[in-house]
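Subject: Handover of a structure and notes on its contents

Dear colleague,

Please find the structure below, followed by an account of what was found in it.

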Amino acid sequence: MRLFSSVHDVTDIKKLVQDALDLKANPYAHQHLGKNKTLGLVFLNPSLRTRLSTQKAAINLGMSVMVMNMDKEGWALETQDGVVMNGTTVEHIREAAAVMGQYCDILGLRSFPKLHNREEDYNEDFFNKFVKYCGVPVVSLESATRHPLQSLADLVTITETWKAHSPSEKVGVRLPKVVLAWAPHVKALPQAVPNSFAEWMCRAQQESMLDFTIAQPEGYELNPDFTPGATITHSLEEALSGADYIYVKNWSSYKEYGRVLTYPDGWMMNNEKLKLTNNGKVMHCLPVRRDLELSSEILDGPNSLVIHEAGNRLWAAQAVLKQILSDLQ
Ligand code: CP
């Protein structure tokens with residue numbers, strides 16, 4: 001593997017999930033792979049989990065890590081070709097990415113969408129140019145449209161907990177019902193996490209690992225390219241009926257791109273709604289706005305998986321880096 005930017009870069013998702021769980025059981029078994037290898041993590045946006053889990057994953061594999069907070073510490077980058085750089089941009093992405101590739105064996109990049117122009121964001125112009133010019137393998141740390149390390153960790157969490165906490169006869173007899181449930185927010189947030197979660201869950205559904213449903217108010221439908229085979233409804237109650245996992249997340253409208261729309265009441269997940277589920281476990285990628293997206297009673301209660309899920313970010317990142325390092329040997 002030279003690129004990890006979406007589920008489409010993965011040949012066998014079941015094997016990658018199992019690799020992550022094997023690394024969780026035995027974190028330091030592959031330190032030889034990263035000896036004398038350097039990971040560079042480039043952030044154009046803030047991060048807590050992605051930054052720390054990916055650094056720790058690299059350290060577990062014997063790698064050295066360098067972090068560049070490009071938004072605060074780097075030169076202002078130009079991404080367009082053919083422009084005279086007589087404005088505010090100081091360095092072209094052609095040189096910046098290529099130079100970082102000189103110092104690192106693998107690079108990770110976080111580049112959020114601007115949420116002004118849908119076509120521009122969905123073209124992944126910055127991410128694709130970075131991949132093109134850096135010349136080394138690249139891991140997405142969340143791009144304009146996807147967050148694959150998060151989604152892999154989510155699938156690892158569902159697989160692990162369904163096996164561990166469900167009666168063995170249930171695991172054999174039926175698949176877990178996984179629901180992506182839209183939640184309120186005060187800002188227009190990117191679609192990267194829900195797009196990516198939907199894409200990974202749709203692939204997992206194809207592989208008979210789970211059943212997948214999305215619930216959102218009218219106007220918040222995701223780009224259908226990311227939801228093939230998903231059951232989609234505008235009724236949260238209908239989606240929650242019998243749900244084993246509820247993945248709570250806000251996203252802004254794809255149709256009315258970048259706008260915060262008004263939305264109906266009743267979309268915040270709380271204990272009352274949890275009663276509709278099959279004692280469902282509640283997930284969120286974090287950071288979460290308490291009592292806006294998700295109630296404190298759930299976050300502090302026994303059905304919350306959010307900390308466990310964040311912990312699994314480490315093993316997801318380590319599984320991906322291990323595969324890239326193995327292919328570099
Ligand atoms: N879930 C997630 O990616 O968290 P950070 O933005 O803190 O990295």
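Which residues does Glu160 touch, not counting residues up to four places away in sequence? They are Leu21, Lys24, His308 and Asn312, where contact means heavy atoms within 4.5 Å.

Before the remaining findings, a note on the basis of the values. This is a predicted model, in which local features need pLDDT of at least 70 and side-chain atom pairs count only at pLDDT 80 or more, while totals for chains, interfaces and linings use all residues. Residues are numbered from 1 along each chain as its sequence is written, and side-chain values use heavy atoms, with hydrogens and water left out.

Glu160 belongs to helix 7 (residues 148-165); helices are DSSP runs of H or I with at least four residues, strands are E runs with at least two, and both are numbered from the N terminus. Glu160 counts as buried because its relative accessible area is 18% (buried is under 20%, exposed over 50%, partly exposed in between, with a 1.4 Å probe and protein chains only). Its side chain also makes a polar contact with the side chain of Asn312, at 3.0 Å. A polar contact is a pair of N or O atoms within 3.5 Å; within protein, one must be able to donate a hydrogen and the other to accept it, and residues adjacent in sequence count only if both atoms are side-chain atoms.

The chain is divided into domain 1 (3-146 + 313-328) and domain 2 (148-310), with bounds from an automatic or database domain assignment. Their C-alpha centres are 25 Å apart. Across the boundary, 38 residues of domain 1 are in contact with 37 residues of domain 2.

The ligand

The ligand is surrounded by Ser47, Leu48, Arg49, Thr50, Arg110, His147, Gln150, Cys285, Leu286 and Arg313, each with a heavy atom within 4 Å of it. Each of the two domains, domain 1 and domain 2, supplies at least three residues to this shell. By class, the shell has three nonpolar, four polar and three charged residues (Ala, Val, Leu, Ile, Met, Phe, Trp, Tyr, Cys and Pro count as nonpolar, Asp, Glu, Lys and Arg as charged, and the others, Gly among them, as polar).

For Gln150, an N or O atom of the side chain is 3.0 Å from a nitrogen atom of the ligand. Taken alone, the ligand exposes 250 Å², and the protein buries 92% of that; the areas come from the Shrake-Rupley method with a 1.4 Å probe.

Other buried residues

Leu305 sits in the loop between helix 12 (296-299) and helix 13 (306-328). With a relative accessibility of 8%, Leu305 is therefore classed as buried. Beyond four places in sequence, Leu305 touches Thr157, Thr161, Tyr245, Lys281, Val282 and Met283. Leu305 and Tyr245 are 60 residues apart in sequence, and their C-alpha atoms are 9.4 Å apart.

His92 lies in strand 5 (residues 91-92) and is buried because its relative accessibility is 9%. A polar atom of the His92 side chain is 2.8 Å from the backbone oxygen of Gln80. Apart from neighbours within four places in sequence, His92 contacts Glu78, Thr79, Gln80, Asp81 and Met85.

Yours sincerely
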